[in-house]
Amino acid sequence: AVVSTQSTGHYYITNNLRMEWYQGSIEQAIKQVREGNSLLCVFIKDEKPASTEMDSAISEVSHLFQDYTSIQLVYSTPTCKQFSVYYPILVVPSIYIIDGSGVNLAVIADKNKIASILTEVAQTRSSQPVPPVPSTVQSNSVPPPQSNSVDDISTSVTPQSIDALINRSNGSVATESTVPAVSANTEA
C-alpha cells in the first residue's frame, strides 16, 4: 500500500517486498543518520515514467538500503525545494547519498547503476576511518568543497548545509552558497 502525505511531499511504501521509506520528518531522518553514523538516502522523484522506473529499480535492490535512512521527496514540493537549496538537483529522478556530516557522497541518476554505486560507497566507507560528526558548526568557518565522486554525477557540500537544512524553520536565508563541483557523464 502507498500512503501519501501531500503537505510534506513524502510517499511511504509499506509493502515488505518494496523499499521501506523513513516515515519521520527530514529533520528526524538527519538526526537518526548522525546518531547512528549511517547514511541518508534521498530519492527525488516526480510523476513521470522515469521516476516510476527508478522506484522499481530501487525496490529490486532494497536489501542494499538496509543500513540507510531512506526518504522520498517529490520534486515540486516545498520540502524538496528546501533540500535543493543545499543539494542542487541536477536531474529527476535521482538518488542522493549523504553522510552524517552533510557531505554528498553520490548522486545516482542511472537506474542501472544503483547496486554498483551503493556497493562502491559501502566499500569506500569501510576502508576509511569514520570522522567525528561536529555537534555544532561555526557560521564563520566554511571549508572548501570536497570531491567524493563515486558516480557519473557528483556534488560536494559543506557540513553547514545539513545544519542549515535542519534549522530552516528559523526563517533565516543563506546569503552565501558554495557552488559544488559537478561532473556529468550521462548515458542515453
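How many aromatic pairs does a search of the whole structure find?

Reply: The model is predicted, so local features need pLDDT of at least 70 and side-chain atom pairs count only at pLDDT 80 or more, while totals for chains, interfaces and linings use all residues. Residues are numbered from 1 along each chain as its sequence is written, and side-chain values use heavy atoms, with hydrogens and water left out.

Rings of Phe, Tyr and Trp (its six-membered ring) pair if their centres lie within 6.5 Å; planes under 30 degrees apart count as stacked, over 60 as edge-to-face and the rest as tilted. The search of the whole structure finds 4 aromatic pairs. In one of them, F83 and Y96, the ring centres are 5.3 Å apart and the planes stand at 85°, so the pair is edge-to-face. This pair links distant parts of the chain, 13 residues apart: F83 is in helix α3 (residues 78-86) and Y96 in strand β5 (residues 94-99). Helices (H or I, at least four residues) and strands (E, at least two) are DSSP runs, numbered from the N terminus. Both F83 and Y96 are buried, where buried means under 20% relative accessible area, exposed over 50% and partly exposed in between (1.4 Å probe, protein chains only). F83 and Y96 also belong, with Y87, to one aromatic cluster.

D46 is found in the loop between β3 (39-45) and α2 (49-60). D46 is buried but has no salt bridge, and the nearest side chain of opposite charge, K48, is 4.5 Å away. For charge, Lys and Arg count as positive and Asp and Glu as negative, with His and the chain ends not counted. A salt bridge is a side-chain nitrogen of Lys or Arg within 4 Å of a carboxyl oxygen of Asp or Glu. The side chain of D46 does have a polar atom 3.0 Å from the backbone nitrogen of K48, and a polar contact of 2.7 Å joins the side chains of D46 and S51. A polar contact is a pair of N or O atoms within 3.5 Å; within protein, one must be able to donate a hydrogen and the other to accept it, and residues adjacent in sequence count only if both atoms are side-chain atoms.

By the salt-bridge rule, the count comes to 3. One of them joins the side chains of D55 and K45 at 4.0 Å, N to O. D55 lies in helix α2 and K45 in strand β3, so this pair ties together parts that are 10 residues apart in sequence. D55 and K45 are both buried.

Another bridge joins E53 and K111 at 3.2 Å, N to O. E53 lies in helix α2 and K111 in the loop between β6 and α4, so the pair ties together parts that are 58 residues apart in sequence. E53 counts as partly exposed at 41% relative accessibility, and K111 counts as partly exposed at 35%. Leaving aside neighbours within four places in sequence, K111 is in contact with E53, M54 and A57.

K31 and E35 form a salt bridge as well, at 3.9 Å, N to O. Being 4 residues apart in helix α1, K31 and E35 are separated by about one helical turn. E35 counts as exposed, at 61% relative accessibility.

For the overall setting, the chain has 5 helices and 8 strands. Of its 188 residues, 43% count as buried. Among contacts between residues at least 6 apart in sequence, 68% join residues at least 24 apart.

Definitions and conventions
Contact = heavy atoms within 4.5 Å.
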